[in-house]
Amino acid sequence: MTTDAMIWDFVWRLGVAGLCGTMIGLDREYREKEAGFRTHFLVALGSALMMIVSQYGFEGFLAVHDGMRFDPSRIAAQVVSGIGFIGAGTIIFHHQIVRGLTTAASLWATAGIGLAVGAGMYWLALAATLLTLVALEGLGLLFYSLGLRRVALVFTVSDRTSLGSAIDRLRAGGCQVVSFEVVPQVLSGEGMLFRATMVVKVPPRTDNNRLIERLREDAGVVVERIA
């Protein structure tokens with residue numbers, strides 16, 4: 001029988017799970033990623049709820065059917081595979097540019113944290129939350145100066161000559177072009193623009209503003225987004 005004390009304990013678990021998910025989600029929100037603090041909050045909350053239901057939701061049924069055995073992990077186990085559908089929705093694959101893998105992994109980790117909180121393993125969930133934040137922020141800072149990092153650039157140019165010049169300026173600054181796509185866009189008049197989506201590897205400690213300055217050395221280049 002579920003008592004008032006157990007109910008409040010369950011509510012507490014849901015609150016702790018939501019808080020852990022929000023902590024991770026705030027990092028993704030700050031980075032302007034596909035899944036922010038609300039998504040991570042809901043993933044952690046839902047995972048904790050599934051674990052609680054899996055552990056305690058069938059006690060009345062088992063009490064009536066004496067001798068019946070029940071595996072409390074069978075519902076919670078589906079969270080691990082089910083969260084893959086949400087994670088897949090955050091991954092963007094467009095013309096050889098893949099983005100959102102880290103956010104998908106953070107959702108997967110958040111689901112595990114929610115399951116841990118739902119099972120009452122608070123310290124384990126807290127440790128996992130802190131380690132997840134270390135992976136998202138700390139490791140990036142630690143290895144920032146050890147190698148090239150990838151940057152996605154979206155900009156428009158007035159002609160293909162300007163596009164070639166922009167690529168040459170990036171390479172002159174030590175950048176490596178990984179992939180790019182150019183889509184012609186017809187203006188309302190007779191003019192035409194070329195919209196370039198490009199992934200480049202930049203040297204350590206290269207500031208994004210410096211990349212924008214290099215591109216804007218040509219007045220015909222308009223930078224739309226850099227991430």
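In which sense, left-handed or right-handed, does α2 pass α5? I looked this up and found that α2 passes α5 in a right-handed crossing, where a crossing is right-handed if the near helix is turned clockwise from the far one by less than a right angle, and left-handed if anticlockwise.

**Ground rules.** I noted that this is a predicted model, in which local features need pLDDT of at least 70 and side-chain atom pairs count only at pLDDT 80 or more, while totals for chains, interfaces and linings use all residues. Residues are numbered from 1 along each chain as its sequence is written, and side-chain values use heavy atoms, with hydrogens and water left out.

**Overall layout.** I read eight helices and six strands in the protein chain, taking both as DSSP runs numbered from the N terminus (helices H or I of at least four residues, strands E of at least two). Along the sequence they follow the pattern α-α-α-α-β-β-α-α-β-α-β-β-α-β. Of the 227 residues of the protein chain, 33% count as buried, a word that stands for under 20% relative accessible area, with exposed meaning over 50% and partly exposed lying in between (1.4 Å probe, protein chains only). I also looked at contacts, meaning heavy atoms within 4.5 Å: among those between residues at least 6 apart in sequence, 67% join residues at least 24 apart.

**Helices α2 and α5.** I went back to this pair and found that the axes of α2 and helix α5 (residues 101-118) come within 7 Å and cross at roughly 35°; the axes are lines fitted to C-alpha atoms, for helices over the stretch in contact, and angles run from 0 to 180 degrees between N-to-C directions. By class, the contact of α2 with α5 has eight nonpolar, nine polar and no charged residues, where Ala, Val, Leu, Ile, Met, Phe, Trp, Tyr, Cys and Pro count as nonpolar, Asp, Glu, Lys and Arg as charged, and the others, Gly among them, as polar.

**T110.** Not counting residues up to four places away in sequence, T110 touches G21, I24, H40, V43 and A44. The C-alpha atoms of T110 and L42 are separated by 9.6 Å, although the two residues are 68 apart along the chain.

**Rings.** I found one aromatic pair in the structure. F10 and Y56 form this pair, which is tilted, with 5.0 Å centre to centre and 40° between the planes; rings of Phe, Tyr and Trp (its six-membered ring) pair if their centres lie within 6.5 Å, with planes under 30 degrees apart counted as stacked, over 60 as edge-to-face and the rest as tilted. The pair links distant parts of the chain, since F10 is in helix α1 (residues 4-30) and Y56 in helix α2 (residues 37-56), 46 residues apart. F10 is buried, with a relative accessible area of 13%, whereas Y56 counts as partly exposed at 24% relative accessibility.

I placed A227 in the segment after β6 (222-226), where A227 counts as partly exposed because its relative accessibility is 38%. The C-alpha atoms of A227 and R31, 196 residues apart along the chain, are separated by 8.9 Å. Last, I looked up K201, which lies in strand β5 (residues 192-202); K201 and R150 are 51 residues apart in sequence and 4.5 Å apart in space, C-alpha to C-alpha.
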